[in-house]
Amino acid sequence: MAGKIATRAAYGKALVDLAEKYPELVVLDADLAQATQTKLFAAACPARFFDCGIAENNMMGIAAGMSTCGLKPFTNTFAMFAAGRSYEQIRNSIAYPHLNVKVVGSHGGISVGEDGATHQCTEDLALMRQIPGMMVVCPCDGNEMTQAVEALLNYEGPAYLRLARSATEIFTDELEGYRFELGKGVTVADGSAVTIIATGIMVAMARKARELLAAEGISVRVIDMHTIKPLDTELVLKAARETGAVVTSEEASVLGGLGGAVAEYLAENCPVPVVRHGVNDTFGRSGTAAAVLEHFGLTPEALADKCRRAVAMKP
Amino acid sequence: MEKLYGKDLARKAYKVRLSAVEAVHRAASGHPGGSLSCADALTALYFNEMNVDPANPKWEDRDRFVLSKGHCAPALYAVLAMRGFFPVEDLQKLRSIDAHLSGHPDMKYIPGVDMSTGSLGQGLSTAVGMALSAKHQGKSYRTYAICGDGEVAEGQIWEAVMSAAKWNLDNLCAFIDVNGLQIDGTTKDVMPTEPLDKKFEAFNWHVIKIDGHDFAQILDALAEARKTKGKPTAILMTTVKGKGVSFMENQAGWHGKAPNAEEFAIAKAELEAKIKELEEN
């Protein structure tokens, strides 16, 4: 186990490490290079770094234009100002022509903490998932993030990559048989009574919830669904069939994101109880990351409660 | 292709106008007004200025063009078809469910279209990206765009304008089609965007003001833009919305309305008379 790192830090390092191997990689930022960690790339490859200033919409358009000239642009800003402010630029200038632009939304979810609701984007996963042909990726730890960045460099098409602000434990490097592939979820731990399908920082919490429930004799399967779109429906279906109940968990609104995707799919293909764990259709608020997560019930304990509920609903 | 000049360009532009109006008439929808006002600039770009290869539309060293005011697609499509990017007959299937000529330019399906546009305010940013790529990759191609004078009310245009100056994109040239009209009326009433020359100058662009229906002035301005170093060029061209069709000229009502059979017959006769006149003299 390699300790703790924020996925944004792993991302910033990955860009630098991959710069030489991928000369077409160019990095754009909107005056947040410190926070998004693209400052590392800017220092290493100044000629391939473009600070667009506080003008996210223009940054998306510039990236779209660059991608038509054979470059591989990664745009960077907070999730709020990428998926939120620039939703339409991403839709019309990047996704509609299916251009090879990677839109990176840092500081996603509520664990942004102190900055409060204006900077806590809980809608990004749902917004980006709505766009036809848009891939949506939210890695769970630093190791997975590193692999996701290279996989996205090799993927031709538009994608949204969500980064988290706070440092979290790295664990996928120690998972037996772990292999990262876009669009393929990872079974982190097996179980038989209920499956938690989690994304981002909630995967680590799902592992803790699994331990809490094991003490009660409830066997929990945990899936790391790093790619929300396209959803790994095969793995979702298998989990629903084999465990008979599903709980989704994401640091995002329960409306339309991972929970929405799983519920929509299972309702039509294998209707088992699905309980969504996330932020309940409300704005965030200021506080330390830990306090905010606690306030909104994004904890292993609250997730365990959702699992108990799902199990109780089984016929 | 041999470059066209003077009267040959003017005649070609009137043929573009006729095709565009006919396509909008057949589609029973579309935007004739702005298509007619920017037809001369488009014709000058594709039949004189730009280095493109219709046989190889994605040629990596080609000059790029972005129609930021994407609703003027009928004029762009007519120019592209006449330049040989796709069959001229296709123009009659504008906006049709079984054709590739969508209401607004779609780079995925239409040969020669360098960027999908239509949502106003976004195109110029993509042109900045293309020009910036050329600088970054050490390529000599140039990038052109046409924006509307109503469109520049969009804030993103000024973000793009600022950034083009930051990176000294002297390989970028944007026409502003100053026809003074938009859907709800005059730009003066809806949202005054003038003085555009002072605005662009303040944003560190080179500014050239011309009559957008005078080919000598258009070609001179393009040549001046090519010679301008260190900054992008804005060509502010005064135009007549609906140019060439008497009842459409200077009428905001013809922004996005298709002529019916009777109206089209009049438009056709007027445009054909112009073409004939330019052939004879």
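**View 1. Domain centres in chain A of the predicted model.** The C-alpha centres of domain 1 and domain 2 of chain A are separated by 25 Å in this predicted model. To the contact between the two, domain 1 of chain A contributes 30 residues and domain 2 of chain A contributes 34 residues. In the domain assignment, domain 1 of chain A spans 4-169, and domain 2 of chain A spans 183-313.

**View 2. Secondary structure and contacts of chain B.** Chain B contains ten helices and seven strands. When contacts in chain B between residues at least 6 apart in sequence are considered, 76% of them link residues at least 24 apart.

**View 3. Overall dimensions of chain B.** Along the principal axes, the C-alpha atoms of chain B occupy a box of roughly 50 × 45 × 40 Å.

**View 4. Burial and accessible surface of chain B.** Buried residues make up 59% of the 281 residues of chain B. The accessible surface of chain B amounts to about 10,800 Å². Carbon and sulfur atoms account for 50% of this accessible surface.

**View 5. Charges of chain B.** Chain B carries 33 positive and 37 negative charges. The mean position of the positive charges of chain B lies 3 Å from the mean position of the negative charges.

Notes
Residues numbered from 1 in each chain as written. Chains lettered and ligands numbered in written order. Predicted model: local features only at pLDDT ≥ 70, side-chain atom pairs only at ≥ 80, totals over all residues. Heavy atoms only, no water. Helix = DSSP H or I, 4+ residues; strand = E, 2+ residues; numbered from the N terminus. Buried < 20%, exposed > 50% of the residue type's maximum accessible area, 1.4 Å probe, protein only. Contact = heavy atoms within 4.5 Å. Areas by Shrake-Rupley, 256 points an atom, 1.4 Å probe, with all protein chains shown as cover. Lys, Arg positive; Asp, Glu negative; His and termini not counted. Charge placed at Lys NZ, Arg CZ, Asp CG, Glu CD. Domains from an automatic or database assignment.
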